[in-house]
Each structure stands twice: as structure tokens, then as C-alpha cells.
Amino acid sequence: RIQKTYHKLDQEYFVDLEPNVNVKVKHFLNTFEMKFHTNQKGYRGLEEVDNSKDQIICIGDSVAMGFGVSDEETFCNKLNHFKNSSGK
């Protein structure tokens, strides 16, 4: 039931995330528990986009969104901290 509090119907994308969410989600079978945040634009995680840096966009389903893991464990969050061999 708590999942319905941070999702909204979007006519173009079907399901979208609500902005400014801060919840702890526990699976009904107790298989996982996760911290789930969205920023003011409804993107997963607390960090705002830094437009002075190159951007990688993660597009996809619940796997790309990171369902079942906390914010810091999503692969999109891990990409935010990736440094290539030149240190950028």
C-alpha cells in the first residue's frame, strides 16, 4: 500500500514518481527493506542534478529505478560517483 503513496499516474509514461518523497519501504514478506527518496523533480535519490557535469540518464523499469534497494545502492547512484581513467 505504501508504494501507492510515491507513485502517480502519468498519461504519457503510465507511472511516475511523486516529488519530495522520504519513506522506508518494507516488503510484505520481509524479504527487503529500503530507504526511498525522490528530489523536487521526482527523480530517485536526494542529490539534485549538477548541470556543470556530464550526465548519464538511466531509463528503464523498476530495475533501473532500483526497486528493492536503498538509494545509495542503486546502480544509477553508483554511476554518479564513477570516475573514468582520466579522473573525470
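Reply: Glutamate 33 counts as partly exposed, because its relative accessibility is 43%; that falls between the cut-offs of 20% for buried and 50% for exposed. Note that this is a predicted model. The side chain of glutamate 33 meets that of lysine 24 in a salt bridge, with N to O at 3.6 Å. Lysine 24 counts as exposed, because its relative accessibility is 54%. In general, side chains of opposite charge can pair when their charged atoms come close.

Now the strands behind this pair. Strand 3 covers residues 22–26. Its partner, strand 4, covers residues 33–37. The two run antiparallel, joined by five bridges. In the bridge pattern, glutamate 33 is the partner of lysine 26. Lysine 24 stands opposite lysine 35. So the salt bridge of glutamate 33 goes to lysine 24, while its bridge partner in the strand pairing is lysine 26.

Strand 3 has two faces. Val23 and Val25 make up the covered one. Asn22, Lys24 and Lys26 make up the uncovered one. Strand 3 and strand 4 form a hairpin, with six residues between them. Asparagine 30 sits in the turn and has a positive phi of about 60 degrees.

Follow lysine 35 next. Lysine 35 is partly exposed, with a relative accessible area of 37%. Its side chain forms a salt bridge with glutamate 72, again at 3.6 Å, N to O. This pair links distant parts of the chain: lysine 35 lies in strand 4, glutamate 72 in the loop between helix 1 (62–65) and helix 2, and 37 residues separate them. Glutamate 72 is partly exposed too, at 41% relative accessibility.

What does the backbone oxygen of glutamate 72 meet? The side chain of asparagine 77 reaches that oxygen at 3.2 Å. Asparagine 77 has its place in helix 2. Asparagine 77 counts as buried, because its relative accessibility is 17% and the cut-off for buried is under 20%. Setting aside neighbours within four places in sequence, asparagine 77 contacts Glu47, Asp71 and Glu72.

Asp71 brings in another charged pair. Aspartate 71 forms a salt bridge with arginine 44, the closest N and O atoms being 2.7 Å apart. The pair also links distant parts of the chain: arginine 44 is in the loop between strand 4 and helix 1, aspartate 71 in the loop between helix 1 and helix 2, 27 residues apart. Are these two residues buried or exposed? Arginine 44 and aspartate 71 are both buried. The salt bridges number three in total.

Helix 2 spans residues 75–80 and includes leucine 79. Leucine 79 is partly exposed, with a relative accessible area of 35%.

Finally, the setting. The protein has two helices and four strands, in the order β-β-β-β-α-α along the sequence. Of its 88 residues, 28% count as buried. The protein exposes about 7200 Å², with carbon and sulfur atoms supplying 52% of that area. Among contacts between residues at least 6 apart in sequence, 29% join residues at least 24 apart.

Conventions
Residues numbered from 1 in each chain as written. Predicted model: local features only at pLDDT ≥ 70, side-chain atom pairs only at ≥ 80, totals over all residues. Heavy atoms only, no water. Buried < 20%, exposed > 50% of the residue type's maximum accessible area, 1.4 Å probe, protein only. Polar contact = N/O pair within 3.5 Å; in protein donor to acceptor, adjacent residues only side chain to side chain. Contact = heavy atoms within 4.5 Å. Areas by Shrake-Rupley, 256 points an atom, 1.4 Å probe, with all protein chains shown as cover. Salt bridge = Lys/Arg side-chain N within 4 Å of Asp/Glu carboxyl O.
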